[in-house]
Amino acid sequence: MAAATRSCRPWGSLLGLIWLVSAAAASWDLSSLRCNFGSFCECDFQPDFQGLECDLAQHLAGQHLARSLVVKALKAFLQDPAPTKPLVLSLHGWTGTGKSYVSSLLAHYLFRDGLRSPHVHHFSPVIHFPHPSHLERYKKDLKSWVQGNLTVCSRSLFLFDEMDKLAPGLIEVLRPFLGSSWVVYGTNYRKAIFIFISNTGGEQINQVVLEAWRSRREREEIGLQELGPVISQAVLDNPHHGFWRSGIMEEHLLDVLVPFLPLQRHHVRHCVLNELAHLGLEPRDEVVQAVLDSTIFFPEDEPLFSSNGCKMVASRIAFFL
């Protein structure tokens, strides 16, 4: 299998991307996440669908369903000149399956400055909401922050990572912004995009895919109709999830639940070859095999899925080179 070359829109290695996401989350606070009031916010919004679809097709391993759902929802939303509500996506799946990668690609192909755009806002509960005792202050700050940014820039992207570590009740302050009202608190918010990311539902998705494999069904035959209900139930049953007992779920304000399937050995191999290409290196069988041999696959009696997806591929390549 030849390594894929990045012919879409070059932007560095996967390892560099992971660093950029982490650095962006760590360096932003509520005061720095607001647009400058003198700027024309939408000039940074420059969607590139061709580049996005190309990158997803070449570099997102094993996620036919996520790729299709995200592209379809995004196209429908952005082609509507007057949407009645923002686009709200909830990404679910096992660690290392591509959730953060896809959200980063969206920032990269929707905004000229990508993750560095002042209109792309990435939240991590560990970094931005670390103390449960400060919940009421966090609610006030979050509401003010979202409202302030949308007031000056309707084309904003909000990324909420690790929703399964977010204190229940905090995200409820976003409910007025996610519905179908035209204006909230004097703010036009209908063109915004909200993306929520969590591992919740990953075990249930894995089980559906495992049963499909045992039944000799192709992965590509698995659809949202069989994964959506189990994901929703997993969220509702998880008292640690940010959507637990949330009106956001009860009022069906999430436009699309996006499942990320567990990755098999050939998907991890694809990730290794992609990363080698990003580094400007030719495929090396010994490096590919070393990375695969160092990857743990589960379940124990049927070692089919990577325990951490492709999350550790870049660091393992660096170790084996």
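**Notes on the model**

Tutor: Let's start with N274, which sits in helix α11; helices here are DSSP runs of H or I with at least four residues, strands are E runs of at least two, and both are numbered from the N terminus. This is a predicted model, where local features need pLDDT of at least 70, side-chain atom pairs count only at pLDDT 80 or more, and totals for chains, interfaces and linings use all residues. Residues are numbered from 1 along each chain as its sequence is written, and side-chain values use heavy atoms, leaving out hydrogens and water.

Student: Is N274 buried or exposed?

Tutor: N274 counts as buried because its relative accessibility is 4%; buried is under 20% relative accessible area, exposed over 50%, and partly exposed in between, with a 1.4 Å probe and protein chains only.

Student: And what lies 3.4 Å from a polar atom of its side chain?

Tutor: For N274, that's the backbone oxygen of Q58.

Student: Switching topic, where is L281?

Tutor: L281 is in the loop between α11 (265-278) and α12 (285-293). With a relative accessible area of 32%, L281 is partly exposed.

Student: How many helices and strands does the protein chain have?

Tutor: There are 13 helices and seven strands in the protein chain.

Student: And what percentage of the residues is buried?

Tutor: Of the 321 residues in the protein chain, 54% are buried.

Student: What about contacts between residues 24 or more positions apart?

Tutor: They account for 80% of the protein chain's contacts with a separation of 6 or more, a contact being heavy atoms within 4.5 Å.

How values were computed
A polar contact is a pair of N or O atoms within 3.5 Å; within protein, one must be able to donate a hydrogen and the other to accept it, and residues adjacent in sequence count only if both atoms are side-chain atoms.
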